[in-house]
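Hello,

Here is the structure we talked about handing over. My notes follow below it.

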Amino acid sequence: MLKNRIIPCLDVKNGRVVKGINFVDLQDAGDPVEQAKIYSDGGADEICFLDITASNENRDTIYDVVEKTSKKCFVPLTVGGGIRSVEDINKLLNCGADKVSINTAAVQNPEVVVESSKKFGSQCIVVAIDAKKNGDKWEIFTHGGRNNTGIDAIEFAKKMEDSGAGELLVTSMDRDGTQVGYDIDLMSKISSMVNIPVIASGGVGNLDHLVDGIKLGKASAVLAASIFHYGKYSVKEAKEYLDSKGIPVRI
Amino acid sequence: MNVTIVDYNSGNISSVINSFKEVAKDKVNIEVTSDLNKIKSSDKVVLPGQGSFKSCVDALNKISGLVDTLNEFAINNKKPLLGICVGLQMFADIGYEETETKGLGWISGKVSKIANQNGKYKLPHIGWNQINIVKDSKIFKGIENNSHMYFVHSYEIVPEDKNVVSATTDYSSNIVCSVEKENIFGTQFHPEKSDKIGLKIIDNFINL
C-alpha cells in the first residue's frame, strides 16, 4: 500500500539553512547538505529545499547545495524558490534535483508549467500554491508571500493540474510559521478538487497537526520545517506517531 | 568492469548517475554516454527513462543506431541490462502514453495507464510503496519481501507472460514493478531514490 510521506523542508538562504516565522526574523541554523543527510538517514521520505531569497540575490548558491546534497542523499529531492524558466528547471535537474517546485512563475506564466511538464515529465513538476483566506475564499500570493494576485486558489489548483503539474504543494500563508496547524479547509478543498497528490504545508506545531493534514486535509504528504529543524521532534518520532494513529507510513 | 548508463536525452538522469557512482566507488567504471562503441564494449548497460513513453522512444530513435546497438547488447549478446521506470516500460511491444507508440519489443505486452477507479487513486502514483516479490530475481539478493521503494509513474507495464514478473506493488491493482527475463532486468520504481535498500539493488546489478 502507498504510504503517506513526511517531507522535512529546509529554507535556504545564500547556501545556509534558515527558517523564518511568517517569512521574516530569519535565524541561521546550519549547513543544508548535512541537515538533509540527517533527515534522509532518519527516514525522511523526501527532502525539500526552499531557496527563500532566490528571487533577489545570490541565485547560484542553491545549485551548489543541490549538487552536493544529491551525491549524499538517495531519497527524492525537491527544490523550489526563484524558478522562473524552463532553463532554471533544467539547471536544477542537472544538478541532481528530482523535482522542482514552481510558485511565482506558475502564476505569472502558466506556460512554464505546460512546457516543463512536457519536456521533463509531470513527475518532476510541483506547483507551489501560497494561499491566504479572504472572506470565504482563498487567494494566491506570489513572491514569497509578498504579492496578492487575487486569483482564486481552488480554481488555480485545478488549472495547474490541467497544465501538467504532477503534484501541488499547498501552503497556507495565514498559518505558515504560526505552529497552530495546517489550514485543513484549504487542504481538503484542493485535495478533493484535483486527482494529483497534494502536499500540505504551513503551520505545523505538533504531531497531531500532521495527522490532521492527512486524515482531515486528505493530503498525500505533509511538509514541515520548524518542528524538525529545531529538534522538537525527529522524523522517526513523527512516523511512529502517525503509525500509532493508523496512518500508513514507511518505517 | 564497465557499466554504461545510456544518456539519450531522456530527462533527468543525474540521480541515476550519482547512485551508481556511490555504489561503484572506485571498483567499477561508470560511463554515461550515447556512444555506440562504448555501449557495445561495456559489460552492463543501464537504460533510464523519464517523461512519457513516447518521448523516451522518440529520444532513443533520434540517436542513429542506438536501438540496434541495444538489441545487439541485450538480445543477441545477452549481456545484463537494467531498465528503470520508462526504461523498463520501453521493453514492451507498445505503449499508450500520449499516442500509440512502438516499444523495443523485448517483453511481449503493453504499457497502459493505471486505473484510477474514478479518482479513488491519485495519479501519478508518487511515493513509497511496498514490493511483493513473486519470484527470485538476482537483483533482489538480500532484499526482504515488502521492502519500500520509491515510485513515481502513471503508467504500468502489463506483460503477457507473467513468468517474467519478479515483483508487484499494490496500487489500484497489483502493478508489475519489476521484471527479469534472462539477462534483462527492469524496475518501475526508482532504486536510485529508494535509500539504502535501493542502492542494494544497484549493487546487486553491478555485481551480477
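Start with helix α3 of chain B, residues 53-62. Its buried residues are B:F53, B:S55, B:C56, B:V57 and B:L60. Buried means 20 or more other C-beta atoms within 10 Å of the residue's own; exposed means 12 or fewer, and partly exposed lies in between, with C-beta atoms placed from the backbone. The cover over these residues of α3(B) includes α4 (66-76), α5 (86-89), β5 (94-95), β6 (101-102), β7 (109-113) and β11 (155-159) of chain B. Helices (H or I, at least four residues) and strands (E, at least two) are DSSP runs, numbered from the N terminus.

Some ground rules. This is a predicted model: local features need pLDDT of at least 70, side-chain atom pairs count only at pLDDT 80 or more, and totals for chains, interfaces and linings use all residues. Residues are numbered from 1 along each chain as its sequence is written, while chains are lettered from A and ligands numbered from 1 in the order in which they are written.

Next, confidence. Chain A has a mean pLDDT (the predictor's confidence in each residue, from 0 to 100) of 91, and 94% of its residues reach 70 or more. Over residues 20-28 of chain A, pLDDT stays under 50. The model has 16 contacts beyond four places in sequence for that stretch. Two residues are in contact if their C-beta atoms, placed from the backbone, lie within 7 Å.

Now B:K44. This residue is found in strand β3 (residues 44-47) of chain B. Why is B:K44 buried? Because 21 other C-beta atoms lie within 10 Å. Beyond its neighbours within four places in sequence, B:K44 is in contact with B:V3, B:K79, B:P80 and B:F205. B:M1 is 43 residues away from B:K44 in sequence, yet 8.4 Å away in space, C-alpha to C-alpha.

On to the interface. 28 residues of chain A are in contact with 30 residues of chain B. On the chain A side, the largest share, three residues, comes from helix α3 (residues 86-95) of chain A. By class, that side has 11 nonpolar, 10 polar and seven charged residues. Ala, Val, Leu, Ile, Met, Phe, Trp, Tyr, Cys and Pro count as nonpolar; Asp, Glu, Lys and Arg as charged; the others, Gly among them, as polar.

Best wishes
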